[in-house]
Amino acid sequence: MSKQQINLTADEAKTIAKEAYIFNYSLVMMYRTMYLQAIDAKSKSFSGGFGKWLHLGMSTPQDTDIVRPNNDTPYSYAWVDLRAEPWVLTIPKIEANRFYTSQWDDLWSFVLDNAGSVDDGNDGMSVLLASPTWQGELPKGVKRVIQGDTDFLGSLTRTQLIDPKDLPNVKRIQKEYKLQPLSAYLGKPAPKAAPTIQWKPWKEGAETTDEFWAYVNFLLSFTTPNPQDKPVLDKMARIGLGANAAKPSAEIQAAMEQGMKRCAG
């Protein structure tokens, strides 16, 4: 038991667990999406791995990755692992009357940027996708850097469909979306690969069970703490969540389950 856990009561643990569940819910559920799209080769949503695109056409009832999918902006999904080096996203020049946007989120589900029509026009561009700790120089030809608080970023890129007969044009544009490791973009040797991750297999419904906390501790190692989150992160450490946090007692674990059920029950 750590010093932070001494004198922690069951009621305090319940309250902290409720707050921690709300705080970490998006982290766990974004991992679900990333796991299905970039890690689990058996998933129907598998893109082929990190740095690979999964381009979709018009949505059907079988498409469940998005709760309420658009049908006039077919989606393109992709995830990038930024631990070894940044990646460069390049989007093509398109017609002036067509909308496109490449939305990028971190694992906390924060929408970080939308490269495309609204902010940048339709003439095409490149942006850098970087880890929270990256501090290098912006390469020539790259407009800006996109950074979140996690080592992985995911895209929900949308391309406007003018009418159903326009789908071949959408598919042509989708094929021109490009993701490259920074080293490949610069024509330089790739850096040393990041350590291999023993991924925690996703189990449907885990977000409503005690296993939720195991996912939280697994995923926090791929985040860079934001200073504004220190108060909640300190409280989370008291119930065994976070780097080097001590495992809580059976009594506290039981209280955590009750606290979680206040939200997930």
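## What "buried" means here

A residue is called buried when its relative accessible area is under 20%, exposed when that area is over 50%, and partly exposed in between. Y77 has a relative accessibility of 6%, so Y77 counts as buried. Please keep in mind as you read that this is a predicted model.

## Aromatic rings

Let's begin with the rings. The structure holds 19 aromatic pairs. One of them joins Y75 and Y77, whose ring centres are 6.2 Å apart.

Elsewhere, one aromatic cluster brings together Y31, Y35, F50, F152, W199, W202, Y215, F218 and F222. Take a look at Y215 in this cluster: K200 lies over the face of the Y215 ring, at 4.8 Å from the ring centre.

## Helix α5

Two members of that cluster, Y215 and F218, bring us to helix α5, which spans residues 211–220. Is α5 mostly covered or mostly open? It is mostly covered, with 7 of its 10 residues buried. Those buried residues are F212, W213, Y215, V216, F218, L219 and L220. Keep L220 in mind, as it returns in the next section.

## The second largest pocket

How many residues line the second largest pocket? Its lining has 20 residues, and L220, P225, L233, G242 and A243 lie nearest the centre. Two elements give two or more residues to this lining: α5 and α6, the latter covering residues 230–238. The largest share, 3 residues, comes from α6.

The volume of this pocket is about 330 Å³. By residue type, its lining divides into 10 nonpolar, 8 polar and 2 charged residues.

## A lysine in helix α1

Now find K14, which sits in helix α1, residues 10–39. Is K14 buried or exposed? With a relative accessibility of 16%, K14 counts as buried, because the cut-off for that label is under 20%. The side chain of K14 also has a partner: it makes a polar contact with the side chain of Q258, at 3.0 Å.

## Loops to explore

Two loop residues have a positive phi without being glycine. For S109, phi is about 75 degrees. S109 is placed in the loop between β4 (100–106) and β5 (111–116), and it counts as partly exposed because its relative accessibility is 34%.

For N244, phi is near 65 degrees. This residue lies in the loop between α6 and α7, where α7 covers 250–264. N244 has a relative accessible area of 83%, so it is exposed.

One more loop is worth a visit. Between β8 (152–159) and α3 (167–175) you will find D163, which is partly exposed because its relative accessibility is 37%. How far apart are D163 and D72 in sequence and in space? They are 91 residues apart in sequence, and 7.7 Å apart in space from C-alpha to C-alpha.

Technical notes:
Residues are numbered from 1 along each chain as its sequence is written. This is a predicted model: local features need pLDDT of at least 70, side-chain atom pairs count only at pLDDT 80 or more; totals for chains, interfaces and linings use all residues. Side-chain values use heavy atoms; hydrogens and water are left out. On a 1 Å grid over the protein atoms alone, a cavity is a set of points where a 1.4 Å probe fits but cannot get out, and a pocket is an open set with protein on both sides within 12 Å along at least five of seven lines; lining residues have an atom within 4 Å of a point. Grid points are joined across faces, edges and corners, and a volume is the space filled by probe spheres set on the points. Helices (H or I, at least four residues) and strands (E, at least two) are DSSP runs, numbered from the N terminus. Ala, Val, Leu, Ile, Met, Phe, Trp, Tyr, Cys and Pro count as nonpolar, Asp, Glu, Lys and Arg as charged, and the others, Gly among them, as polar. Rings of Phe, Tyr and Trp (its six-membered ring) pair if their centres lie within 6.5 Å; planes under 30 degrees apart count as stacked, over 60 as edge-to-face and the rest as tilted. Buried means under 20% relative accessible area, exposed over 50%, partly exposed in between (1.4 Å probe, protein chains only). A charge sits over a ring if NZ of Lys or CZ of Arg is within 6 Å of the ring centre and within 35 degrees of the ring normal. A polar contact is a pair of N or O atoms within 3.5 Å; within protein, one must be able to donate a hydrogen and the other to accept it, and residues adjacent in sequence count only if both atoms are side-chain atoms.
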